[in-house]
Each structure stands twice: as structure tokens, then as C-alpha cells.
Amino acid sequence: MYHHSLIRFATAGVVSLAAIAASADEGPVLQVGSANREGASIALSLSLLDAMPQHSFTTSTIWTDAAVTFSGVPLAAVLQKSPVTGKTVEMVALNDYAVSMPMAEIAPATPIVATRMDGKTLSVRDKGPFWVVYPYDSDPKFRTETVYARSVWQLFRLNIVD
Ligand SMILES: Nc1nc2c(c(=O)[nH]1)N[C@H]1C(S)=C(S)[C@@H](COP(=O)(O)O)O[C@H]1N2
Ligand SMILES: [Mo]
């Protein structure tokens, strides 16, 4: 039974990745809410994110050769769409990377959930569909290991965990 449950879990994972792939026609979706309570999440499509106030900045990064311009929606504004509230957000990536951060450390405009780099949407191979980014050049406080670890690429879920 234990192994059977594991297989079912693995299958569910495959199905959800397939669902993400199948939704490619309509564009990527960012899930925001509770991982545990049914119905307590919302799915923000690219077009819904595009309809929110946009923020952009140009910066060099440790991942790009030259300075790039990111645009998207402040993480704080995205989290305000969550049907649940809490003190911590867990940012989950398609490559199974996840990192948690206190809500109190999210500024009104920083970081942003970037939907575009140099005006182009981010493909999964280019660290998309969404990438949490900071204006690294603007302040040494954004060039720390903590901030780099919070710079989650291939973002697809924001879980409010407490
Ligand atoms: N999706 C995703 N984002 C991620 C990571 C990851 O493994 N996957 N690693 C994080 C960590 S721990 C750091 S320090 C930075 C830099 O990672 P890199 O040096 O491997 O590019 O990216 C962060 N964002
Ligand atoms: Mo890291």
C-alpha cells in the first residue's frame, strides 16, 4: 500500500506538469494561496498579471551576461490577490526548488514577479514562466546570498504557509 501511494503521488505530479504544459496555449499560470486548503488558491494567468500595475527596472544579474530590463508585478501586489493571508510565503519552482521568506521582508515594489525580460516573456528554458527578481545593481543589500536564494526562477506557485 505504501508503494502504491507513492506511485499515485508520483503520477499526480506528472499529471500536474502535463496540465502546465497543456495550458501553454493560454499562457503560463501562477498559483497563489494555500497548498493545503482546497479552494484557497487562485490561478493568475499571464493576462491577469499583465492587467495589474506593472513595475520594471534595468539591472545586471549574476545569471545574465549584460544588464537586462525586467518587467512584471511586485510580489507584494501578487500576494494581495491570495485568498489566504499569513506571515510566510513559500516560493516554489518547476525544478523542485522552493524557498520561504517572511512577508515582512517584502517591500511594496521589491522584489517583482517578472513576466518579461527585455520585453519578452520568459520560456521555461529562460528561467520562466515567472522569475522573482530584485534590482541588484541599485543597492548592495540586494547582492547577498539570501536575496539570490529568493530570486526564484521557473516560479509557478506561491504558498502562504502560516
Ligand atoms: N528555480 C530555481 N531558482 C533558484 C535556485 C534553484 O535551484 N532553482 N537556486 C537559488 C539559489 S540557492 C541561489 S544562490 C540563486 C543562484 O543560483 P545559481 O548560482 O545556481 O544560479 O538562485 C536561486 N534561485
Ligand atoms: Mo544559494
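Hi everyone, let's start with the shell around ligand 1: its residues divide into seven nonpolar, two polar and one charged. Keep in mind that this is a predicted model.

Who is in that shell? The ligand is surrounded by W63, A93, N95, Y97, E145, Y148, A149, S151, V152 and W153. Helix α4, residues 145-149, gives the most to it, with three residues.

Now the polar contacts. An oxygen atom of ligand 1 is 2.9 Å from an N or O atom in the side chain of W63. On the nitrogen side, there is a distance of 3.0 Å to an N or O atom in the side chain of N95, and one of 2.7 Å to a polar backbone atom of W153. The protein covers 67% of the 530 Å² of accessible area that ligand 1 has on its own.

Next, the rings. The count comes to nine aromatic pairs. W63 lies in the loop between β3 and β4, and W153 in the loop between α4 and β10, so their pair ties together parts 90 residues apart in sequence. W63 is partly exposed, at 24% relative accessible area, and W153 is partly exposed too, at 28%.

Then there is F70 with W131, also edge-to-face: 5.2 Å centre to centre, 85 degrees between the planes. F70 sits in strand β4 and W131 in strand β9, so this pair ties together parts 61 residues apart in sequence. Both residues, F70 and W131, are buried.

Key. Residues numbered from 1 in each chain as written. Chains lettered and ligands numbered in written order. Predicted model: local features only at pLDDT ≥ 70, side-chain atom pairs only at ≥ 80, totals over all residues. Heavy atoms only, no water. Near = heavy atom within 4 Å. Polar contact = N/O pair within 3.5 Å; in protein donor to acceptor, adjacent residues only side chain to side chain. Areas by Shrake-Rupley, 256 points an atom, 1.4 Å probe, with all protein chains shown as cover. Helix = DSSP H or I, 4+ residues; strand = E, 2+ residues; numbered from the N terminus. Nonpolar A, V, L, I, M, F, W, Y, C, P; charged D, E, K, R; others polar. Phe/Tyr/Trp six-rings, centres within 6.5 Å; stacked < 30°, edge-to-face > 60°. Buried < 20%, exposed > 50% of the residue type's maximum accessible area, 1.4 Å probe, protein only.
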